[in-house]
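Trainee: I would like to learn how the words used for a structure follow from its values. Could we go through some of them together, step by step?

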Amino acid sequence: MYQNDIREVSEEQLIQFFSTIGEKPFRIKQLNSWLWEKNVHGFDLMQNLPKTLIEKLKKQFTFLVSRIGQEVTSQDGTVKFIFRLHDNHLIEGVLIPSGKRVTACISSQVGCKLGCKFCATGSMGFTRNLRAWEIIDQYALMNQRSNELFDQNITNIVMMGMGEPLDNYEQVMKAINILTSPQGNALSPSRITLSTVGLVDQIRQLADVQFKPSLAVSLHVANNEKRSQLMPANKKNPTHQLQSALRYYHKQTNQRITIEYVLINGINDSLADAEELAQFCRAFPVKINLIQFNSTHPPYQKSTPENTQRFIQYLESKNMVVNLRRSRGEDIAAACGQLVKKKAEGGRRKAEI
Ligand code: SAH
Ligand code: SF4
C-alpha cells in the first residue's frame with residue numbers, strides 16, 4: 001500500500017528515477033529537505049522544484065500523510081491529539097507544556113501486542129506497526145501546533161504513546177535517525193526518550209549500537225511472578241534477564257537508565273515492592289520516575305497518598321534518585337491509548353478540527 005510512497009523510496013531509487021527523467025542530482029537534495037527537514041505534506045508545497053518535476057513526482061509516487069483528527073485541551077494545559085493515518089487508523093500524541101519545555105509524547109504502533117493489564121492500549125490489541133514517516137508526522141504536526149499554541153518548538157520527545165517502540169525496532173530507529181540528523185530535524189538525541197516494556201534482546205541491540213537517546217524502562221513491579229501477571233511480556237523477558245540486559249546497556253553506553261513505575265493501589269505499592277525495586281536497581285545507575293496511575297482503567301486505582309509517601313521514603317532512605325510524576329491531562333484521558341479507546345467506545349468529542 002505504501003511501497004510506492006515518496007517517503008519509502010530509497011536514495012538509490014531516487015537517483016535512478018531522477019537520472020531517467022533527466023533531472024539534476026541537486027534536485028534530490030532539495031526534495032529531501034522538503035520531506036525530512038521542512039516536513040511538508042504535499043508535492044505542491046515544494047516551492048523551489050520546477051512544476052514539470054512536481055508533475056513527474058506526482059505521477060510516479062504517492063505521498064501518504066497523517067492528519068490531526070481531533071484535539072482536546074486539558075485544564076492543566078496538556079493537549080491531546082488523535083491522528084488519523086492514511087488508512088484511517090487512529091493513534092495518539094500529547095503535547096505537554098511545562099515552563100520553557102514542550103514535550104511531545106508520540107506513538108510507535110497502532111495498538112500493542114503486549115497486553116499489560118492496566119494499559120488502555122494493551123486492551124485494544126495490535127493492528128499494525130507505524131512506518132518511520134508516520135512517527136515523524138506526529139512530531140511535525142504537533143510542532144506546528146506547539147508554535148501556534150505556545151509560540152515555541154517542541155523541545156523534548158518521549159516515545160510513550162501507543163505501542164511498544166522496540167517491537168517496531170527498525171522503523172523507530174529510522175525515525176529517530178531522521179529526527180536527530182542534521183539533514184532532518186536536527187534534534188539533540190539527549191532530548192529524546194524511548195520507553196520500553198523491557199524487551200531484552202532489543203535492549204541488548206540498542207546497547208550494541210550505542211544508542212544515544214535516553215532509555216526508560218516500564219518496570220512497574222520488580223517481583224518476577226507479579227510482573228508476569230500484570231505484564232504478560234515479562235514471561236518472555238523475565239526480570240533477571242531484564243536486569244542483566246540493563247547492566248549490559250549501562251556498560252556499553254555509560255548511560256543512566258530511567259525506571260518508570262506506575263503506582264497502583266494494592267498491586268505494587270507496598271514496602272516489600274519498594275524493597276524489591278531497590279534490589280532490582282542495584283545493578284546499574286538509575287533515576288526512578290514514580291508515576292501516578294491514571295485511574296480511568298478499572299479495576300485498578302491509583303495508590304493512596306500514604307502508600308505513595310511510604311514508597312518514596314523507602315527509596316530515598318536507600319539514596320535513590322526518585323521523582324514523583326503527577327499524571328497530566330487526567331481529565332482528557334491522556335495516558336497511553338485512553339482517548340482512542342474512548343473514541344472507539346463512543347466517547348464525547350470536545351473538539352474536531
Ligand atoms: N510500550 C512502552 C511505551 C508506551 S506506554 C512502555 O510500556 O513503556 C508509556 C507508559 O505509560 C508506560 O510506562 C506505561 O506503563 C504507562 N501507562 C499505561 N497505562 C497507564 C495508566 N493508566 N496510567 C499511567 N501510566 C500508564
Ligand atoms: Fe503495550 Fe506499553 Fe501499554 Fe504495555 S504499557 S500494553 S507495552 S503500550
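Mentor: Let us begin with a cut-off, since a residue is called buried when its relative accessible area is under 20%, exposed when the value is over 50%, and partly exposed in between. Please keep in mind throughout that this is a predicted model.

Trainee: Why is aspartate 273 called buried?

Mentor: Aspartate 273 has a relative accessible area of 3%, and because the limit for buried is under 20%, aspartate 273 counts as buried.

Trainee: What makes lysine 226 partly exposed?

Mentor: The relative accessible area of lysine 226 is 30%, which lies between the cut-offs of 20% and 50%, so lysine 226 is called partly exposed.

Trainee: How do you know that lysine 226 and aspartate 273 meet in a salt bridge?

Mentor: The rule asks for a side-chain nitrogen of Lys or Arg within 4 Å of a carboxyl oxygen of Asp or Glu, and the N to O distance for lysine 226 and aspartate 273 is 2.7 Å, so this pair meets the rule. Lysine 226 belongs to helix H7 and aspartate 273 to helix H9, so the pair ties together parts that are 47 residues apart in sequence.

Trainee: How many salt bridges does this rule give?

Mentor: The count comes to eleven. One of them joins the side chains of aspartate 44 and lysine 58, at 3.0 Å from N to O; aspartate 44 sits in the loop between helix H2 and helix H3, while lysine 58 is in helix H3.

Trainee: Why are aspartate 44 and lysine 58 given their accessibility labels?

Mentor: Aspartate 44 has 54% relative accessibility, so it counts as exposed, the cut-off being over 50%. Lysine 58, at 35%, counts as partly exposed. Asp44 and Lys58 are also linked with Glu55 in a network of salt bridges.

Trainee: What makes the approach of glutamate 260 to ligand 1 a polar contact?

Mentor: A polar side-chain atom of glutamate 260 lies 3.4 Å from an oxygen atom of ligand 1, and because a polar contact requires a pair of N or O atoms within 3.5 Å, this pair qualifies. Glycine 163 also takes part, with a backbone N or O atom 2.9 Å from a nitrogen atom of the ligand.

Trainee: How much of the accessible area of ligand 1 does the protein cover?

Mentor: The protein covers 92% of the 540 Å² that ligand 1 has on its own.

Methods. Residues are numbered from 1 along each chain as its sequence is written. Chains are lettered from A and ligands numbered from 1 in the order in which they are written. This is a predicted model: local features need pLDDT of at least 70, side-chain atom pairs count only at pLDDT 80 or more; totals for chains, interfaces and linings use all residues. Side-chain values use heavy atoms; hydrogens and water are left out. Helices (H or I, at least four residues) and strands (E, at least two) are DSSP runs, numbered from the N terminus. Buried means under 20% relative accessible area, exposed over 50%, partly exposed in between (1.4 Å probe, protein chains only). A polar contact is a pair of N or O atoms within 3.5 Å; within protein, one must be able to donate a hydrogen and the other to accept it, and residues adjacent in sequence count only if both atoms are side-chain atoms. Accessible areas come from the Shrake-Rupley method with a 1.4 Å probe; for residues, only the protein chains shown count as cover.
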